[in-house]
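Student: I'm new to this one. Walk me through it, please.

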Amino acid sequence: MVTTSHKPQLGTSDRQDHRHVADPPARALLNSVMHVADAVHALRSRIASATGAVPTVVAYRGYGTTKWVRVLARVVLTGKSGGATSGTVRGWQSFTSVPIRYSHVDVEIDGVTHSVQADSGGLVDVVLEASLPPGWHTIILRSASAAPAQAHIQILEPEATFGIVSDIDDTVMVTALPRPLLALWNTLVLSERARTPTPGMAVLLDRVVAQHPGAPVLYLSTGAWNVAPALARFLARNLYPDGVLLLTDWGPTRRHWFRSGREHKLGNLKRLAQEFPGVRWLLVGDDGQHDPEIYAEFVRTHAEKTAAVAIRQLSTGEALLAGGRTHEGTLASDHNAVPWVSAPDGAGLAKQLKDHGVL
């Protein structure tokens with residue numbers, strides 16, 4: 001059975017942007033920049049094809065219910081040696097792959113094939129009807145001239161009541177680099193083997209999952225989709241619970257100069273609240289960026305869907321490199337009904353969450 005969708009699917013690269021450019025001169029400049037970007041993309045595509053790059057479907061983990069699934073993948077031109085999907089590829093190599101825009105992708109779920117279309121960044125981010133029992137399942141993605149790829153999908157129990165959303169940089173992974181310049185170095189150059197897990201965080205998340213079997217774990221970050229394979233290997237190597245990455249894309253779009261990391265995170269949180277109305281979320285982040293503000297806003301509008309907020313406190317040096325820290329006092333005191341804990345490591349957070357009856 002085949003179902004076909006001719007409408008392009010809107011992925012994060014087409015949705016998560018802000019600062020709409022209304023001024024005519026600025027719009028003209030942005031249009032010129034995008035024309036140059038299009039020309040560069042076309043040139044990169046020709047060079048990649050001429051040097052033997054092949055279409056590749058990079059499949060990411062997804063999630064869903066017994067009635068639907070959210071499928072995440074990216075279609076790119078990459079080297080025959082493995083490129084973006086290689087188990088040993090370093091960070092910078094994942095950025096040499098060239099997205100194949102508006103690619104047609106067939107998604108096979110339990111014998112049913114759905115035809116969908118990637119967005120302008122080669123990203124597939126689509127919700128499809130499916131009838132699967134709770135647990136982890138494997139689906140197949142195919143695109144023209146590309147080898148089939150497998151994606152793992154977590155189907156939640158209909159009666160699920162608990163889930164985890166966690167930031168990555170400086171929360172589960174010690175970045176300890178100035179933003180944004182040296183953070184870019186960390187993304188493009190360093191192997192995931194050179195990155196340091198945050199003390200106690202893997203144990204904390206594992207304990208929470210053990211207490212709530214089947215609970216979904218979403219790793220929500222403003223990192224680029226290019227580094228998803230490296231991040232997945234880092235999480236697995238350091239024994240973090242299996243989960244789904246929710247990342248974004250960088251750079252301007254045809255309507256905006258910048259993409260908003262804040263909107264990306266808050267938008268996904270609100271989406272999860274709508275998709276799983278019976279789930280209460282443990283929100284895990286750090287005080288070096290905007291996590292406390294984002295989580296506080298979510299709590300203001302979805303207190304009944306928030307189990308607790310756990311914020312890792314950066315050291316003085318880490319906070320300096322991160323560009324400062326968010327002062328949580330007022331944010332936490334505004335939401336006494338929702339437990340709000342802070343500590344420099346996973347062990348400290350675990351103790352406080354236990355005191356609040358969350359763990």
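Predicted model: local features only at pLDDT ≥ 70, side-chain atom pairs only at ≥ 80, totals over all residues.

Student: Which residues make the contact of α5 and α11?

Tutor: From α5 come M201, L204 and R207. From α11 come G346, L349, A350 and L353. Contact means heavy atoms within 4.5 Å.

Student: And at what angle do α5 and α11 pack?

Tutor: About 30°, with the axes 7 Å apart. Here α5 covers residues 201-211 and α11 covers residues 346-355. Axes are lines fitted to C-alpha atoms, over the stretch in contact for helices, and angles run from 0 to 180 degrees between N-to-C directions.

Student: Step back a bit. How many helices and strands does the protein have?

Tutor: Eleven helices and 19 strands. They are DSSP runs numbered from the N terminus: H or I over at least four residues for helices, E over at least two for strands.

Student: What share of the residues is buried?

Tutor: Of the 359 residues, 54% are buried. Buried is under 20% relative accessible area, exposed is over 50%, and partly exposed lies in between, with a 1.4 Å probe and protein chains only.

Student: What about contacts that span the sequence? How many join residues at least 24 apart?

Tutor: Take contacts between residues at least 6 apart in sequence: 74% of them join residues at least 24 apart.

Student: Now the sheet. What is the strand order?

Tutor: It runs β15-β14-β11-β17-β18-β19. The sheet is open, has six strands, and pairs in the parallel sense. Two strands pair if DSSP finds at least two bridges between them.

Student: Which strands stand at the edges?

Tutor: β15 and β19 (340-343). Each has a single partner strand, so one side of each is left without a neighbour in the sheet. From one strand to the next, the twist averages 20°.

Student: Tell me about β14. Is that strand mostly covered or mostly open?

Tutor: Mostly covered. β14 spans residues 217-224, and seven of its eight residues are buried.

Student: How many bridges join β14 to β15?

Tutor: Four, and the two strands run parallel. β15 spans residues 244-248. L218 stands opposite V244 in β15, and L220 stands opposite L246.

Student: And how many bridges pair β11 with β14?

Tutor: Three, again in the parallel sense. β11 spans residues 162-166.

Student: Which helix lies across β14 and β15?

Tutor: α6, residues 228-237, running at about 145° to β15. α7 packs on the sheet too, touching β11, β14, β15 and β17 (280-286). The direction of α7 makes about 160° with that of β14.

Student: So how do α7 and α8 cross?

Tutor: At roughly 30°, with axes that come within 10 Å. α7 is residues 261-275 and α8 is residues 291-302. The crossing is right-handed. Among the residues that meet are R262, L266 and A273 in α7, and D291, Y295 and H302 in α8.

Student: Loops next. Where does L239 lie?

Tutor: In the loop between α6 and β15. L239 has a positive phi of about 65° although it is not a glycine. Most residues other than glycine have a negative phi. L239 counts as exposed because its relative accessibility is 66%.

Student: Where does Y102 lie?

Tutor: Y102 sits in the loop between β5 (98-99) and β6 (104-109). It isn't a glycine, yet its phi is positive, about 55°. Relative accessibility is 42% for Y102, so it counts as partly exposed.

Student: Last one, E159. Is it buried or exposed?

Tutor: Exposed, at 55% relative accessible area. E159 lies in the loop between β10 (149-155) and β11. E159 and V279 are 120 residues apart in sequence, but 8.6 Å apart in space, C-alpha to C-alpha.

Methods. Residues numbered from 1 in each chain as written. Heavy atoms only, no water. Left-handed = near helix turned anticlockwise from the far one by under 90°.
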